[in-house]
Amino acid sequence: MIYLDNSATTKPYPEVVQSFQKVAEQYYANPSSIHKFGSEAERLLLQSKKQAAQLLKVSPEEVIFTSGGTEGNNIAIKGIALEHQSRGKHIITTQIEHPSVLEACRALESLGFEVSYLPVTETGSVRVEDIKASIRQDTVLISIMSVNNELGTVQPIREIGQVVHEYPKIFFHVDHVQGLGKIDMDFYECGIDLCTMSGHKVHGLNGTGALFVKRRTKLFPLHHGGGQEGAYRAGTENLAGNVSFVKALRMSMQQKATAVNKLRTLNERLRNRLAVNPFVIINSPSEAAPHIINVSVPGFKPEVVIHALGEKGIYISTMSACSSKRSDESAVLAACQLKEDRTTSALRISMSYQNTQEEIDMFASELEKVLAELNKVMG
Amino acid sequence: MQFDQIMVRYGEMALKGKNRHKFEQKLQSNVTHKLKRYPATKLKKTRDRMYVMLNGEDPYKVMETCQEVFGIQSLSFAIRTEKEEDKIKEAALFAFNDSENAKTFKISAKRTDKTFPIGSQEMNQRLGGHILKNTEDVTVDVHNPDVEISVEIRQDAVYITAKKYPGAGGLPVGTTGKTLLLLSGGIDSPVAGYLAMKRGVEVEAIHFHSPPYTSERAKQKVMDLAQELTRFGIKLKVHLIPFTNIQQKIHQEMPEGYSMTIMRRLMLRISEAVAKEQEILSMTTGESLGQVASQTMESMSAINDVTNYPVIRPLVAMDKLDIISISQQIGMYDISIRPYEDCCTVFVPKSPKTRPSKEKARYYESAVDFSEDIKQAVEEREIMELKLQTASESVNEFKDLF
């Protein structure tokens, strides 16, 4: 099997699964229970926060464990909007955010909020001037992803952070689900107030993740209850999940340190192969995050290509169809104002640090074969 | 270009005459311990300064770590460069740029190596000119500059230092004797310990716990506080005293209004016994005058009555808010406010005497003999030796899970 759908979900590290199992078996007490067993679980919980904070270069109390990206984005966006609505009801985001950001914003629109969905360049970058220009008196939140999930485009987070910094009352949220463990981003230096992370994109388990909430940021919680996670997210902690997430975080960051150049080399190698394929147009900009390459195969139905590759044990994906008006069009590519033949024929190849050169070569050859074969019928 | 060393200036210990050598040695060993987590760093001592050679470690992290060491007045990054005008210019500009927001500067060049062709006055002008040319809105101010850049042209090389970073001040821990700190889980006692350390005192801690009236978590909280204190004291021995029996006995046999006073007197007697055994000459508490019933002048007198050891009270004249702000600065506050009961809050009488007299306290105590209980508590104490952790050790017992 050649797995190239790592932006959807990665394969968990075996060590991560072991940690999960060990904690689930040995530390199943409720960290809020006052007995000794509960206090051990609590200590483990604190330790996992400390460790996560160390890796992310933030303070332990700024780490809120969540169930993943969608939850993190919802807690951040709705939480800020609802808590600070008396000050303003305007939110700025982009047209190419993940559905969990876009739909949360749309839901807020139905409650009377106004949202500016900024357009992007042909390569999926948001313009810092556009953000500057759309800031209003009543803007409370700016939410921008660090790396686009379909294109891999890296947004100018640091520059945006500098703009937001001039407006101390505006909160800056970054959806970092695709960027975590792949690009460098110092939360403090970039002026970020809230940052969403997900476990299963960094070889952790589904249902794990974290949200960075900068000290003294007030949020209206989506879950009320026993005051866990600093009352930002009530509910008995998923201790095994949290510990396993921190382990995945550590391991993927270590891999980034040692293997990011290898990933870039693979990326270039694949780009060079795809560039000479007559049926393929590369959509991802060359300075995109190293793990994602998005291409269009105009004239071909992407599902058919995916199924044909699937028969050979090669797994890639098409765009995420959610949030598009048309079910067969990529909303992200449409926002980049690409022509219809490209927006409806996109394929996403997303790698991990585990992929090898042989796999990439094999994939490129098989794609060439499949497209040539299909061309006889469809092209 | 990067900073390659940190210059360490001593504080008042430079004044300590004959003891100076001992002070310097202690400081050197404390800094060495603190820098264990940056293994490439090396310490070099000259006659009146100390230099931390960075050897590639992150300059700002090492600086932050050094800023926690008592006995250091101030620190500066330094660059060593070859004796060439262009290199010196480049280094001077780099050093200037380390101070954000600096609007004025002064160059103080010193030419120890007289074979170097440019004199110090001339050097001042050339370097000043170079910085002015390469910055905006910056001017020279020789009387009151934001940054003073000193350039020392020596035989072997040129040394350039700029912005002064404040050190922690005080005296090197371990140079002024040892004290036994009565450590509860509250906000005050860790701050008292910190301030004692700042005066160069080595600290051991004593904690009273009363299971099952106090929980595992309360004990853990104290150990976490003690662990934090090792950031300043390098090592810390904690004596955990089993206090349940004595507390029960007080509760049953002493008049309620005096139970708190008598409990404190017993704590002090136990502490004195431990101090004696450990050859420690004083005790330190977090008491602050007038804060609670046990900290009135009368209470202090009645409690202090049981010992003639000096009781050091670094917080005695401080406001609670000032204590809290130190606690926050040194990273203790978040631990201190964890809501677990300690032995002082478990058996609190409804209305403790705020003006107890030592005569009455003596009188009530004379009816019951506590000396066996004290002996037993001291004997059955648990001793934990904590030391400063390096980064890799800090994930302790759960290490394999992360």
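Biologist: What should I know before reading the numbers?

Modeller: The model is predicted, so local features need pLDDT of at least 70 and side-chain atom pairs count only at pLDDT 80 or more, while totals for chains, interfaces and linings use all residues. Residues are numbered from 1 along each chain as its sequence is written, chains are lettered from A and ligands numbered from 1 in the order in which they are written, and side-chain values use heavy atoms, with hydrogens and water left out.

Biologist: Which domains does chain A have?

Modeller: Domain bounds come from an automatic or database domain assignment. In chain A that assignment gives domain 1, made of 2-7 + 259-377, and domain 2, which covers 14-251. Taken over C-alpha atoms, the centres of domain 1 and domain 2 of chain A are separated by 28 Å.

Biologist: How many residues of domain 1 of chain A are in contact with domain 2 of chain A?

Modeller: Contact means heavy atoms within 4.5 Å. On that rule, 27 residues of domain 1 of chain A touch 23 residues of domain 2 of chain A.

Biologist: And how is the size of such an interface given?

Modeller: It is often given as the accessible area lost when the parts come together. Buried area is the accessible area (1.4 Å probe) that two parts lose on being put together, summed over both. Between domain 1 and domain 2 of chain A, about 2,100 Å² is buried, with 56% of it on carbon and sulfur atoms.

Biologist: How many salt bridges and polar contacts are there between these two domains of chain A?

Modeller: A salt bridge is a side-chain nitrogen of Lys or Arg within 4 Å of a carboxyl oxygen of Asp or Glu. The count between domain 1 and domain 2 of chain A is zero salt bridges. A polar contact is a pair of N or O atoms within 3.5 Å; within protein, one must be able to donate a hydrogen and the other to accept it, and residues adjacent in sequence count only if both atoms are side-chain atoms. There the count is nine residue pairs, both at pLDDT 80 or more.

Biologist: Which elements give two or more residues to the domain 1 side in chain A?

Modeller: Helices (H or I, at least four residues) and strands (E, at least two) are DSSP runs, numbered from the N terminus. On the side of domain 1 of chain A that touches domain 2 of chain A, the elements giving two or more residues are helix 7 (239-275), strand 10 (292-296) and helix 9 (331-335) of chain A. Helix 9 of chain A gives the most, with three residues.

Biologist: What is found across the interface of chain A and chain B?

Modeller: The contact joins 26 residues of chain A to 14 residues of chain B. The two chains bury about 1,600 Å² between them, 51% of it on carbon and sulfur atoms. The rule finds two salt bridges across this interface. A:Lys22 and B:Asp400 meet through their side chains in a salt bridge at 2.3 Å, N to O. On the chain A side, helix 1 (14-26), helix 2 (36-56) and helix 7 give two or more residues, and helix 2 of chain A gives the most, with twelve residues.

Biologist: Where do the domains of chain B lie, and what links them?

Modeller: Domain 1 of chain B covers 5-169 and domain 2 covers 178-388. Their C-alpha centres lie 43 Å apart, and the contact takes eight residues from each of domain 1 and domain 2 of chain B. The area buried between them is about 770 Å², of which carbon and sulfur atoms give 60%. In domain 1 of chain B, B:Lys34, B:Glu68 and B:Phe70 lose the most area to domain 2, together 64% of what that side buries. One salt bridge is counted between these domains. B:Glu68 also forms a salt bridge with B:Arg231, the closest N and O atoms being 3.2 Å apart.

Biologist: How do I read strand pairing?

Modeller: Two strands pair if DSSP finds at least two bridges between them. In chain B, strand 11 (residues 202-209) and strand 12 (residues 235-242) pair in the parallel sense over six bridges, and B:His207 has B:Leu240 in strand 12 as its bridge partner. Strand 12 of chain B also pairs with strand 15 (residues 382-387) of chain B, in the antiparallel sense over six bridges.
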